[in-house]
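Please examine the charged side chains in the structure shown here. How are they paired?

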Amino acid sequence: LQSFLVTLLLFICTCTYVKMKAPRLVDPYRTGLRGMFWKAARIGERLSPWVAASCLIMAFYTLFGA
């Protein structure tokens, strides 16, 4: 479960970063994989404080907890 959560958080953060740097790669009108990138970027934009807190918690848990 921990690996899945880390992968999901990294995917959300990466999609948000790519949307900020190259918005043409993340298209809201696409379906499939590029549409999923847009949805993940939208989650990262709207819930950024929660995503950032989750990344910090997972980082501390990965370094010191497990």
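The report below covers the salt bridges and their surroundings.

## Basis of the report

This is a predicted model, in which local features need pLDDT of at least 70 and side-chain atom pairs count only at pLDDT 80 or more, while totals for chains, interfaces and linings use all residues. Residues are numbered from 1 along each chain as its sequence is written, and side-chain values use heavy atoms, with hydrogens and water left out.

## Salt bridge between the helices

A search of the whole structure finds two salt bridges (a side-chain nitrogen of Lys or Arg within 4 Å of a carboxyl oxygen of Asp or Glu). One of them joins Glu45 to Lys19, with an N to O distance of 3.0 Å. Because Glu45 lies in helix 2 (residues 33-46) and Lys19 in helix 1 (residues 2-21), this pair ties together parts that are 26 residues apart in sequence. Helices are DSSP runs of H or I with at least four residues, numbered from the N terminus.

Lys19 is buried, at 17% relative accessible area, whereas Glu45 is partly exposed at 32%. Buried means under 20% relative accessible area, exposed over 50%, and partly exposed in between (1.4 Å probe, protein chains only).

Arg42 is partly exposed, with a relative accessible area of 28%. Through shared partners, the salt bridges join Lys19, Arg42 and Glu45 into one network.

How values were computed:
Helix = DSSP H or I, 4+ residues; strand = E, 2+ residues; numbered from the N terminus.
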